[in-house]
Amino acid sequence: MQRSAVRPSPVFLALVVLTVGGALLTLLKGETALRAGVFLLVMGGWAVSLCLHEFGHAIVAFRGGDREVYFKGYLTLDPRRYTDPVLSLLLPLLFLAIGGIPLPGGAVWINHHALRSRAVDSAVSLAGPFSNLVIAFLLTVSVNVFDPAPGIAWGLSFLALLQLAAFVLNMLPVPGLDGWGAIEPYLSYEARRFGAKARQWAPLILFAVLIGVPGVSEAFWDVVQALFGALGGDETAAYFGQRAFFFWQ
């Protein structure tokens with residue numbers, strides 16, 4: 001059962017192909033091909049990372065006692081199996097394209113009563129953002145070790161930066177985010193009840209604060225940039241990747 005559980009779906013493989021295709025497109029001559037390639041690389045890579053984020057939640061829940069995630073198809077890396085494809089993929093991709101803020105997607109349904117302990121419950125929540133952290137690390141290492149062509153390095157570096165932004169954002173103890181889910185098993189009944197009511201709108205309010213309140217976005221990105229530098233990220237490559245990605249600005 002476990003071997004079939006981790007078989008990638010055709011949709012996930014198509015996203016991988018799109019990402020690779022974007023990388024190859026950056027190798028062609030011309031600024032248009034470069035910008036289009038970076039855009040496809042980042043968007044496709046971001047969609048792949050969303051699948052891996054949700055898969056991280058599901059596989060830890062599966063190993064922690066929740067067998068329902070297998071029968072619901074969450075372990076196949078198929079984005080169509082997520083709680084809501086619009087919340088899990090389309091809206092995060094749209095917000096990324098508009099504002100560059102990696103809005104968290106929807107999560108898989110977890111049977112928390114089936115999990116073996118509160119520690120496992122916390123680990124299920126943490127597995128998603130830590131997958132973003134691991135992806136960011138692998139991307140920065142690949143740029144530093146393999147020294148790819150400029151367009152690919154730009155796209156991978158900007159994608160790594162976005163992974164770290166997703167990690168920092170998701171670790172905030174805000175209802176509806178994974179940071180809240182990590183501490184929720186240890187909270188009082190009243191706090192958990194409040195979180196259940198607030199989880200639908202709290203992330204959107206946080207997103208509005210990040211976009212609209214002066215100084216908040218700068219502080220957020222300062223933390224992300226510091227973490228990016230600590231991992232050895234190429235800030236210059238990430239800057240050019242951001243410029244190429246937002247080709248309409």
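The model is predicted, so local features need pLDDT of at least 70 and side-chain atom pairs count only at pLDDT 80 or more, while totals for chains, interfaces and linings use all residues. Residues are numbered from 1 along each chain as its sequence is written, and side-chain values use heavy atoms, with hydrogens and water left out.

**Overall build**

- The protein has twelve helices and zero strands, where helices (H or I, at least four residues) and strands (E, at least two) are DSSP runs numbered from the N terminus.
- Of the 249 residues, 49% are buried; buried means under 20% relative accessible area, exposed over 50% and partly exposed in between, with a 1.4 Å probe and protein chains only.
- Among contacts (heavy atoms within 4.5 Å) between residues at least 6 apart in sequence, 74% join residues at least 24 apart.

- A pocket here is an open set of points on a 1 Å grid over the protein atoms alone, where a 1.4 Å probe fits, with protein on both sides within 12 Å along at least five of seven lines; lining residues have an atom within 4 Å of a point.
- The volume of the second largest pocket is about 340 Å³, taken as the space filled by probe spheres set on the points, which are joined across faces, edges and corners.
- Its lining has 17 residues, and Val48, Leu52, Ile135, Leu139 and Leu159 lie nearest the centre.
- Helix 2 (10–25), helix 3 (31–63), helix 6 (118–146) and helix 7 (150–170) each supply at least two lining residues, and helix 6 gives the largest share, six residues.

**Salt bridges**

- The count comes to three salt bridges, each being a side-chain nitrogen of Lys or Arg within 4 Å of a carboxyl oxygen of Asp or Glu.
- Glu31 and Arg35 pair at 2.8 Å, N to O; both sit in helix 3, four residues apart, about one turn of the helix.
- Glu31 is exposed at 53% relative accessibility, whereas Arg35 is partly exposed at 24%.
- Glu68 and Lys72 form another salt bridge at 3.6 Å, N to O.
- Arg199 and Glu184 form a salt bridge with their closest N and O atoms 3.3 Å apart.
- Arg199 lies in the loop between helix 9 (189–198) and helix 10 (202–212) and Glu184 in the loop between helix 8 (178–183) and helix 9, so the pair ties together parts 15 residues apart in sequence.
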